[in-house]
Amino acid sequence: MPSTAFQWLSLVGIIWLQSITGTNTNFPAYSSQLKQLLSISQFQLNNLAFASDAGKLFGFLSGLAAVYLPLWLVLMIGSTLGLIGYGVQFLFITNHISSLSYWHVFFLTVLAGNSICWINTVCYVITIRNFPSDRQVAVGITTSYQGLSAKVYTTIVDVAGHKKRAITFLFLNSVLPLLVSLIATPVVREIEVLSPKQSRVGFDVIFAITIATGIYAVMSSLEFVSNKISPLGSLIGILLSLLMPLLLPLSMMIVGSWHKNTEKQRVYNFATEDEVNEVKEGEESEEIHDVGVREEIGAKLMLRRLDFWLYFLVYLFGATLGLVFLNNLGQIAESRGYSGTSSLVSLSSSFGFFGRLMPSIVDYFYRDKKCAISKPGSMMALMGPIAGAFFLLLNKTHLALYVSTAIIGVCTGAITSIAVSMTTELFGTKNFSVNHNVVVANIPVGSLLFGYLAAIVYHKGGNENGKCMGMECYRNTFIVWGSLCFFGTFLACVLHARTRNFYSHKL
């Protein structure tokens with residue numbers, strides 16, 4: 001098989017992995033039921049949401065492992081950790097394990113949350129290495145599928161039709177990542193590509209498939225559309241959309257074999273000159289388009305940089321706040337008297353998919369334009385709508401809930417995608433696997449702080465059973481979250497000003 005076909009096949013394998021690694025994103029779909037099954041309070045439930053994110057505090061371990069171990073082994077370690085973390089919880093809830101304390105469940109959730117870091121690290125490292133001149137675009141495309149995870153899991157659970165949805169979610173969370181990892185391991189590996197030829201056509205095809213997938217995901221998540229599509233029909237549509245990218249490497253294999261068998265002599269006569277030209281064009285393209293890096297530094301030196309802490313806080317008051325909102329979406333919807341939590345989770349997942357994809361589209365199609373803006377500038381532009389969405393939630397209508405969820409989903413997804421490229425640009429690619437895991441350590445910090453704030457306000461308005469109903473349950477929380485997000489927008493402006501010279505030379 002041509003190396004180019006292997007290159008794109010690795011991207012397809014990473015797309016499959018990313019589409020099932022967001023096991024923590026489906027937590028809101030079954031959190032209320034899990035609360036009942038475990039007979040725990042809102043504070044304890046918030047602890048479990050924090051535990052899932054707390055696994056990222058140990059994400060640097062996966063980064064170190066990626067340096068010293070084969071990447072296929074790192075991938076299998078990650079999926080095995082998820083099997084243990086979610087699998088033991090599944091056995092407990094189904095009464096196959098009788099004695100399991102709340103803190104055992106907490107530790108297992110931390111372990112399951114950490115498993116995501118291992119799989120994501122492999123995906124990021126291989127994507128960056130296999131597409132060095134288009135790494136931002138390739139990473140953006142693959143991470144967009146992570147935003148589809150909650151949609152994938154929710155659709156499968158809808159088909160299963162089990163009354164206790166929490167049980168089905170935990171079973172899928174434990175088994176599905178391992179199964180997909182076993183399937184993807186043979187193709188998800190580093191490929192030495194001598195020439196970037198066919199990358200333009202390849203990305204055009206992948207973009208078309210990805211955008212079509214996103215449109216389908218959004219449309220099938222809308223309540224008035226989803227009511228007309230059977231759960232099985234929706235699942236078939238999602239599976240077909242995940243298989244569609246496979247057509248690209250398969251077509252390259254077929255075309256390559258056909259050329260080799262029928263035009264061998266003609267290729268021999270003319271290939272040398274054409275390949276030399278293509279390599280030169282590719283090198284020129286890389287010199288022009290590769291954003292490059294400002295400096296190559298490790299985690300210790302990065303922690304001494306003011307720009308790192310600005311970046312850390314911008315992420316904390318932007319994407320992390322959005323993630324905390326999505327983690328609490330089940331209780332937020334319930335408190336407002338809205339029963340369609342699964343629909344909301346699918347909506348946030350689908351818009352998060354498009355949000356993660358947007359930076360890649362902008363970078364790929366507008367990188368030659370003078371209107372391109374820096375990564376910190378992009379973050380600044382995205383944080384304003386998140387802040388506005390929090391204040392919109394003060395409106396008690398279901399429409400306000402839908403619109404705010406969509407806005408937070410798309411902007412949070414976009415910031416998450418931008419952050420991967422921004423880490424490489426500001427701090428280098430050599431230590432990326434460790435550096436980025438240090439950056440995303442802000443997620444468990446924010447999950448703890450902002451989640452506890454929400455839990456305290458919720459608990460004050462709760463009844464004897466600990467359940468809170470009404471707008472007062474989250475009103476003050478939304479005001480604080482919105483204000484913090486506006487402050488984060490200011491910090492993003494400062495970071496943009498400090499890095500403006502670097503990006504002005506690179507764009």
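Author: Gladly! Let us start with the wording for residue types: Ala, Val, Leu, Ile, Met, Phe, Trp, Tyr, Cys and Pro count as nonpolar, Asp, Glu, Lys and Arg as charged, and the others, Gly among them, as polar. Please keep in mind that this is a predicted model. By that sorting, the lining of the largest cavity has 15 nonpolar, 19 polar and three charged residues.

Reader: What makes up the lining of the largest cavity, and which residues lie nearest its centre?

Author: There are 37 lining residues, and Thr25, Gln146, Leu323, Arg356 and Thr416 lie nearest the centre.

Reader: How many charged residues line the second largest cavity?

Author: That lining has no charged residues; six are nonpolar and five polar. Tyr30 and Tyr86 belong to this lining, and both count as nonpolar because Tyr is on the nonpolar list. Helix 2 (27-38) gives the most, with three residues, and the volume is about 90 Å³.

Reader: Why is Asn95 called exposed?

Author: Exposed means over 50% relative accessible area. Asn95 has 70% relative accessibility, so Asn95 counts as exposed. Asn95 sits in the loop between helix 5 (71-93) and helix 6 (102-130).

Reader: What is the phi of Asn95?

Author: The phi of Asn95 is positive, about 65°, although Asn95 is not a glycine. Most residues other than glycine have a negative phi.

Note on methods
Residues numbered from 1 in each chain as written. Predicted model: local features only at pLDDT ≥ 70, side-chain atom pairs only at ≥ 80, totals over all residues. Heavy atoms only, no water. Helix = DSSP H or I, 4+ residues; strand = E, 2+ residues; numbered from the N terminus. Buried < 20%, exposed > 50% of the residue type's maximum accessible area, 1.4 Å probe, protein only. 1 Å grid on protein atoms, 1.4 Å probe; cavity = no way out; pocket = protein on both sides within 12 Å on 5 of 7 lines; lining within 4 Å. Points joined across faces, edges and corners; volume = space filled by probe spheres on them.
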